[in-house]
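Please take a moment to look over the sequence and the model that follow. The paragraphs after them go through the model part by part.

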Amino acid sequence: MFISQSNLNTSSFSPSFYTYGDANLEWCLERLDSNYLQNYDAITLDNSVPLEASWDKPRSVKLTCEPDPMAPDPDRQCTVSLSYRLEDIRNVYPNFVLNLLTKLLLDGDNAPLYQGLIESGYGLDWAGPVCGMDQGARTTSFHVGVQGVRVEDLDQFTDRVRDILAGVVRSQVLVSGSVGVTPSFPSKREKKRNGVYTVRIRPQIE
């Protein structure tokens with residue numbers, strides 16, 4: 001039999017024990033209680049994850065690195081991304097709708113952002129991990145990331161993305177394959193207190 005106690009912070013964690021082999025379970029439990037467990041009290045942890053603080057204005061970060069000698073086009077080595085804060089991760093249905101909406105905006109030859117940013121020749125491809133909806137934090141987010149951009153075209157990226165999204169709002173139709181979705185945007189009276197609009201969708205089968 002082998003017994004080990006993890007080196008844990010007793011103010012935040014309870015000890016952990018492992019046993020293996022042909023051992024008498026009652027003897028193990030008695031030994032653990034007399035030698036270890038009776039020295040500890042139950043603890044109550046606050047493991048809640050608060051919402052991230054909202055920014056009062058947009059932020060911009062610029063990073064530089066060495067050129068990639070293996071790049072297919074030496075003049076198109078920049079990557080750029082625009083990010084939007086979305087919903088509390090606990091709001092399941094709004095995040096489900098937003099996930100569907102972001103895929104319709106990005107994925108496929110008919111997707112508005114694909115047509116405006118990739119097919120148009122502005123960039124060569126999506127920027128992998130910094131593109132799409134991210135549900136890995138308490139607040140979900142949406143990222144439009146493009147790689148293979150010319151350095152002289154970087155400053156127009158934000159306006160390009162916003163113009164494309166504004167066009168989607170005006171047309172109120174997204175198409176992916178044979179399924180179309182019409183986003184329904186509420187009036188100002190339906191606007192949430194935190195300034196985020198709820199987006200409702202109506203599927204359209206062509």
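Gly-121, which lies just after helix 3, takes a positive phi of about 95 degrees in this predicted model. Within helix 3 itself, the residues Pro-112, Leu-113, Gly-116, Leu-117 and Ile-118 are buried. Helix 3 is also where confidence in the protein chain is highest, with a mean pLDDT of 94.

Helix 3, which covers residues 112-119, packs with helix 2, which covers residues 92-106, at an angle of about 40 degrees, and the axes of the two helices are 4 Å apart. On the side of helix 2 the contact is made by Leu-104, Leu-105 and Leu-106, while helix 3 contributes Pro-112, Leu-113 and Tyr-114.

In soluble globular proteins, nonpolar side chains tend to be buried together. The largest nonpolar core here holds 24 residues, and those that touch the most other members are Leu-113, Leu-117, Trp-126, Val-144, Phe-157 and Val-161. Two or more residues come from each of strand 1 (78-88), helix 2, helix 3, strand 4 (139-149) and helix 4 (157-171), and helix 4 gives the most, with 5 residues. To see how such a residue is surrounded, consider Val-161, which, when residues up to four places away in sequence are not counted, touches Leu-82, Tyr-84, Leu-113, Leu-117 and Val-144.

Strand 4 also contains Thr-139. Is Thr-139 buried or exposed? Its relative accessible area is 10%, and because a residue under 20% counts as buried, Thr-139 is buried. The side chain of Thr-139 is joined to that of Glu-52 by a polar contact of 2.5 Å. Leaving aside residues up to four places away in sequence, Thr-139 touches Leu-51, Glu-52, Arg-85, Leu-86 and Glu-87.

The average pLDDT of the protein chain is 77, and 75% of the residues score at least 70. Confidence is lowest in strand 7, at residues 200-205, where the mean is 39. Over residues 1-8 the pLDDT stays under 50, and for these residues the model has 26 contacts beyond four places in sequence. The pLDDT also stays under 50 over residues 175-206, for which the model has 58 contacts beyond four places in sequence.

Conventions: Residues numbered from 1 in each chain as written. Predicted model: local features only at pLDDT ≥ 70, side-chain atom pairs only at ≥ 80, totals over all residues. Heavy atoms only, no water. Axes fitted to C-alpha atoms, helices over the stretch in contact; angles between N-to-C directions. Contact = heavy atoms within 4.5 Å. Core = buried A, V, L, I, M, F, W, Y, C linked by side-chain atoms within 4.5 Å. Buried < 20%, exposed > 50% of the residue type's maximum accessible area, 1.4 Å probe, protein only. pLDDT = per-residue confidence, 0-100. Polar contact = N/O pair within 3.5 Å; in protein donor to acceptor, adjacent residues only side chain to side chain.
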